[in-house]
Structure formats: structure tokens, C-alpha cells
Amino acid sequence: MRRVLIGLFALAAFLVVARVTWAQDGGPVTDDEVNRVAKQLYCPVCENIPLDVCPTQACTQWRATIREKLVAGWSEQQIKDYFAAQYGERVLAAPTSDGFTVLVWIIPPIAVIAGAVGLWAFMRRAVQSAPTAASTPSDGEAEIDPYLARLEQELERRR
Amino acid sequence: MLAFLGYLSLVLALACAIYATVTAIVVIRKPDAAALESARRAAFLPFLLLTLSSLCLIALLVTEHFEIGYVAEVTSRAMPIYLRVTALWGGQAGSLLFWAWLMSGFTGVAMLRKWDEDRELMPAVIVATMVTLGFFVGLVIFIENPFALMWQTTTGEIVQAMLQPAATLPFTAQDGRGLNPLLRHPGMIIHPPMLYLGFVSFVIPYAFAMAALWNRRTDASWIQTTRRWTLVGWLFLSLGLILGGRWAYDVLGWGGYWGWDPVENASLIPWLTATAFLHSVMIQEKRGMLKKWNMVLIILTYALVIFGTFLTRSGVLSSVHAFAQSAIGPLFFAFIGITFVISMALLFREWDHLRSDAQIDSLLSRESAFLLNNLLFVGITASVFWGTIFPMISEIVTGQKITVGPPFYNQVAGPQFAALVLLMGVAPLLAWRKASAQQLGRMLMIPFAVSLVVVIVLVVLGITNPGALLGFWITALVGGTTVLEFVRGTAARMRTSRENAFVAISTLMARNRRRYGGYIIHLGVVLIAIGVVGTSFYQQETQGRLTPGEQMTLGRYVMVYESLDEFMMEDNRQVARAVVGVYRDGQRVGELYPRRDFYFDSQQPMTIPGVRSSIEDDFYVLLVDWEEIGASGATFKVYLNPLVNWIWAGGIVFILGTLIAAWPDAQERRRTVLAAAPVRP
């Protein structure tokens, strides 16, 4: 049912635009140009399948709409904005970085930087409080495995 | 009859799990060897009972028992036998049973192990595993019962129940709806079991970790005991991820192998924390450090494994994978929350006892490299997790659903992955405790020079994208340092033992499986990274409508549309199959058959690509559309995926390395015994 509705919506949109298309003189639009825009959009029914490869009827209609818009001389951004306004922001492959959705973009870098700062502080503290006796380089693996110790010695001698 | 037998064994399995849990708790409070033995046997029984239950369901699936709701949902008369067997995990209820069955297998094996040295851990291990198993079996019994029969009410409605509800008549479907076509692929037969095996096997190290906490054992013995479990679980999880990628590439028909789909993320996230865990336990084993952190990682991995199952099984997201949806979400959510809080509470109780035996001696050391590795793994985990759950958060907060797709993950996780691969090349060169910068510089010199030459050659060949150049530089450097590790070891061995190169390298690896297995895994990652850089930066695509005899060009390839046939297959699908000739540099290199299958029972189309593979690239053709009448014109979408086969080759190397690292090793056993001896200051 939803698919049918979306199909009808798309058809209505198509008819509205089609008048514009006929009124203006656009050059021929290739499938590749349509796909370049479609790749960046997701239809609300077939979630997680980009529009350029989605085989459903509704998505075919959407691609037709994109084609009409391109023929009418719309820019990529205009078309994306149009779909976002019509069907909600979920049609965009990634959220915009304004309003609430800015959180999706800024939280991971903040978390990673905070983690890095925390780790740095932890290591500084650990190194400062470490006994000075540890200043001789050694190999923990070598301590456990006599074979590796021999190997490492051998490597040392070759240098 | 079979349905009741299957259901009864489910109920008995739950009873065993509950009995084992309760008895083990009693034993914890008041030690009793006989009661513990009884709990152990009860914890083993669910494996036999769930095996019986699964066999019952398979028998029902194979023999067209369409009075069973699940059978009618996932099979149809036209489906071949092997697909009916795999339909066991083709739908919600069956896959939960399958999950529980695999888990009972793992816990069963754990119960059979020799418990001489760590018998005091057993009660808590039984509690942790049986609570998890009981939860899943309970879900299968009470919420998602694959054995439920169908009944028709007087209003014509179909309800599912084991026993006949009042005012209903038995109902049998004429034919089933059939398995989702996306799942009718060899890759799908093997991919979910691998992933599930990977998921369930992490329950064992988690259970041992909890038992160690409960018994206040602060040494690394729980890590050594579960090392092989962890590696085997990790092996299956990795295999599941690689096979999933291959399946997506072969079946989903969008020219790629990884789409950052929430369900893909659900299986990647526990893999990330498990990988961090595999690395950081080495510090605990060698230096007695990071005890708390390792506990955190295994608790996180366990929680994320359940969370992954929750994401795929609860229908909280709808995506290509979430075939089934039901109301089990809140239960899962509560289970994850409760187990997480209890685990963390246990950890905090022991917080002060889990002090490090040693200190970090230098900022430039193997220890600090491992810490950085953990930071990056956890950073990627957090980023991917955040992106995966953000649409739900957005929906709750603003009421608007949004898509968090590939652009987000590429920008946020991409650089972290690149840093991780770079670290992977440098870290093994750092000495434990304290490394010297000069020594590091000396060891990096040759690989660095080689990597610069690679970059110069690539620039000369016309590769100018800075991102791609950075990616190839990192892979060349890391590949170089890793190969050099083998060369150094082999050369030293040849000198000391006067062996030839072949014998030297095999002895070297045989005596240090863990170390060199790890390096082979790293080489696999390098190969995968090369493939990822190639496909991410240089994938080309084009689409066009051709009439027979017409051609289209992409890169060095020319494709000629020759013909198209439409025919019915006996498994009730209509196939439209095109024949295209492929030419490379003017030479005919083969014929491809891209096709579109339409499954009547489930009313779903499938786009199967025609692919010509070589080490250099894949020429990947999709049949997008065609004219039904006369079948003259057809629209094709064509991808050129450079270096994509390096990913699959890298996957094989990766798995090989894991097998080498996990293979039982007499030497290691001796070392473990030595290390277990109390030598702590």
C-alpha cells in the first residue's frame, strides 16, 4: 500500500515537473547523470538500498523524477533538497550537519579525541611513576620464550 | 507429532538450564561436589535436547508440513531439499532456535572439558552460560515458537498456537511462501552459521571472565583458558563478515561488498571489540597489566554480541537483512541492560584487586602501541555504534527518521581505520617496555624506502588522488615491515640452525604460531586494505540502454549486448537472462550472463550480476531493465571494480593466519603451565 502511495506521489510529482520540462529546453540526460544523483538518495520504502540500484517500481519512478528535474536544468543540490522536503530527511544518504543531526557528526570525533587525551594523560602518569630501573630495554616475549630470546640475540649480533 | 516432540525438548532444555543455574547458585553459596556435578550434567543436556528439537524442525521443513506456521513461512513445495534444511535459519523463530542450539553446543563442550585446575570457576561459568542460553530458549518457547500450528478462527483469521484455541479449526496452507530469494544462495547457507558461531562462542570467554571476577582471581588464567575459544569465535566472526561481503557482492546487485547497513554493522561492532580484546590480552599475559580493561572489553563484546542479535532479530531497524520483525525487542533490551549492569557491578567490586603488576615504562613501547591500538578499535566501535543507533535516537527525540549511510562511516571511521593499519605495521617493531627511536628508525628504513618507491611508481602511472596515494603508501609500508619480520626471523634461524630458507621459515612459524599467525593475519589485512582503497577510490560505473549488437565502453572494457532469453525455472521463478560479450583492449575475453530472477512465491526480484574477474579488476554487469515484448532493448548497469579480488584473497590469507595462530601447539601448553606457576612478586 505504501509503495502504491509513493508511486502515486512520484507520478504526481512527475506530472507537475513534466510541464516544466516541456516548457524548457534541456539537453539529453544520460542514465549516468541520473544515477549520480540517485546514488545519494534512499527511498523510504527500500531502506538501505541506494536509489540508483533499487529495483522496485517506486524507485524507478523516483529516477524518472530525477531525470525530469535534470532536464529542467535543476542542480544536484536542488534535486536533493526537493526530495528531502517532499519525503523527509531520511532520503539523504547521510544527515545534514545542522540542527539535531549535527550530533551524529560531532560525537564520534569528540569521543575519539577525548579518549586520546585520556590515554595520553594515563600514559604520562604511568611513565612518570614508573621505577627508573626499567630504563633498560628488554623484550617481554624473550623473557617467556627462550627460543625467541636466542633469536633476538642473534638479530642483535647481526646489526 | 514431530512438532510436539520438538516443542517438548525445548521445554526440557529450558528446565535443564534453570535447574543447572539454580543448582550452581546453591553450590556457590555452599560448596557441594555432587551437586556441582549434577549442575554440570544438567548444563550439558540442553545440547542433546536442542539437537533433537532442531532435527524435528528440519524434518518438518523438509517434509512440507504446511500446517506449521514457520514451515509455511520459509519453505515452499518448489524449493529443493538443501534449501529447506537451511530454512532452519531463514526466518525469525528458526534462527533463534539455531542460535540457541549452537550456543548449547559450545557450552556443552565447555562442560566436558577437564576442570581439574579451575573447578572453583565452574559454578559461575554454569550460571553465566545457562542464563544466556535460558534466555534464548525462553524466547523460542514463549515468543517465537517455530513449532506453532496454524488455526483458523470463525472470522477467517489465522492464529498460531501449539494447542487448538477455542472456536478454531486446524489450518494447513496449500503451499508455503518460500524462503526469501536473497537467502537462496550458497553464500547464505554458510554465512549465517559462521556469524552465529562467532557470536555464541564469545559467551564462553565472557563466562570465564565473570567466573574469575566472582572468585576474585586476578591472574590471567581465565584468558589462557579461553584463548582458543576466543580465537575460534573470532575466526568464525571474521569468516562470517568476509562471506557476508562476498554474498552481498554476488547477490545484492549493487556492485559493492559493504554498504554500512545497520545489520552489517551489528556483526562488525562485536568483531571490533573482540579484536581489541585479542590484542590487549597479550599485555596482561606478558606484563600483568590492563586487567580491568580486558574485563571491560569482554563484557562489551558479550553485550554487543547480544545487541547484534537484537538488532537483526527484533526488527528495530528495517533493512535488507531484517527479514523478520517481532515484539521481542523489549525483552532483548532488558536482558542486555541487566547482564551489563551485573557484569559491571562484579567488575567494580574487584576494581581495587585488579591492579597492574607492572607499569608502562616508556611512551615508545609495545605496551603503548597496544594501548593506541585499543583506543582506535574502541573509537571505531563507538563511531559505528553511534551511527547505527542514531536513526533510532533521532526518531525518539525529533520524531524524524533519518538515514546514516556510507558517507558518514567513510568520513568518520575511514581515517581511524587508516591509522589502525599504519599502527599495525609499526607496532610489531617496537620492543616491550622501552623501545629506542633509533632502533625503530633502522628497522623502518627499508620498508619506508620501498613504500616511497611504490608511491612514485603509482604517481608515474597516473594515480594522483591524495587519498588513494595515502592508502597505497600505508599498505606498502605495512606490507613491507610485516614481510621484513618474516625475513629477519628466517635469516636468523638459517644462521643459527644452518637450515635452508624453506625449512627455516616453517620451523620459525611452527615454533611461534601465535606470533607469525598474527603477522599472516596482518598481511591479510594489508591485502584487504589494498582492495578497499582500489574500489573506494577508483570504482567506475555507467548505465545505458542497448539494442542487440550495440555496445558500451567502460575503462578498457567494451561490452556487446548479444541476446536475451526469458524462461521459467522449475523452482517457480522466471528468469530473464542476457548474453553479453566482453572485450578488453579489443580482445574478446569472455561472455557474461547477467540476469534478473523473479520469484513468484515471494513476489520478489533478484538481480544476479555477470562478473568477469581478474587480479586487476572485476567487470560487473547488471541487467537493470528490458522490454518484455520482442525483447529487443535492454538496460545494463556496468561497474569496473579495481583490485576487488585482493579483498577476497586477503580474506583467505586472514583466515589462514587465524588458523595458524589458533592451532593447538605442544610448546604453548608447556609455556602456559610455566606461566601459570606463581612467580608474581
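**Helix packing and cores in a predicted model**

Mentor: Helix α10 (residues 262-287) of chain B packs against helix α13 (residues 366-398) of chain B at an angle of about 160 degrees, with their axes 9 Å apart. Axes are lines fitted to C-alpha atoms, for helices over the stretch in contact, and angles run from 0 to 180 degrees between N-to-C directions. Helices are DSSP runs of H or I, at least four residues, and strands are runs of E, at least two, numbered from the N terminus.

Trainee: What does that make α10(B) relative to α13(B)?

Mentor: Roughly antiparallel. Angles over 145 count as that, under 35 as roughly parallel, 65 to 115 as roughly perpendicular and the rest as oblique.

Trainee: Which residue classes make up the contact of α10(B) with α13(B)?

Mentor: 13 nonpolar, nine polar and two charged. Ala, Val, Leu, Ile, Met, Phe, Trp, Tyr, Cys and Pro count as nonpolar, Asp, Glu, Lys and Arg as charged, and the others, Gly among them, as polar.

Trainee: Where do these numbers come from?

Mentor: This is a predicted model: local features need pLDDT of at least 70, side-chain atom pairs count only at pLDDT 80 or more, and totals for chains, interfaces and linings use all residues. Residues are numbered from 1 along each chain as its sequence is written, while chains are lettered from A and ligands numbered from 1 in the order in which they are written.

Trainee: Next pair. What is the angle between α8 and α12 of chain B?

Mentor: About 40 degrees for α8 (residues 203-214) and α12 (residues 329-349), with axes 9 Å apart. α8(B) and α12(B) are therefore oblique to each other.

Trainee: Which residues make the contact?

Mentor: B:Met210, B:Leu213 and B:Trp214 from α8(B) meet B:Ser343, B:Leu346 and B:Leu347 from α12(B). In contact means C-beta atoms, placed from the backbone, within 7 Å. By class, that gives five nonpolar, one polar and no charged residues.

Trainee: Cores now. How many residues has the largest nonpolar one?

Mentor: 204, and B:Ala100, B:Val125 and B:Tyr206 have the most contacts inside it. A nonpolar core is a set of buried Ala, Val, Leu, Ile, Met, Phe, Trp, Tyr and Cys residues joined through C-beta atoms within 7 Å. Buried means 20 or more other C-beta atoms within 10 Å of a residue's own. Helix α9 (residues 221-252) of chain B gives this core its largest share, 17 residues.

Trainee: And chain A, how many helices and strands?

Mentor: Seven helices and zero strands. Of its 159 residues, 28% count as buried.

Notes. Two residues are in contact if their C-beta atoms, placed from the backbone, lie within 7 Å. A residue is buried if 20 or more other C-beta atoms lie within 10 Å of its own, exposed if 12 or fewer, and partly exposed in between; C-beta atoms are placed from the backbone.
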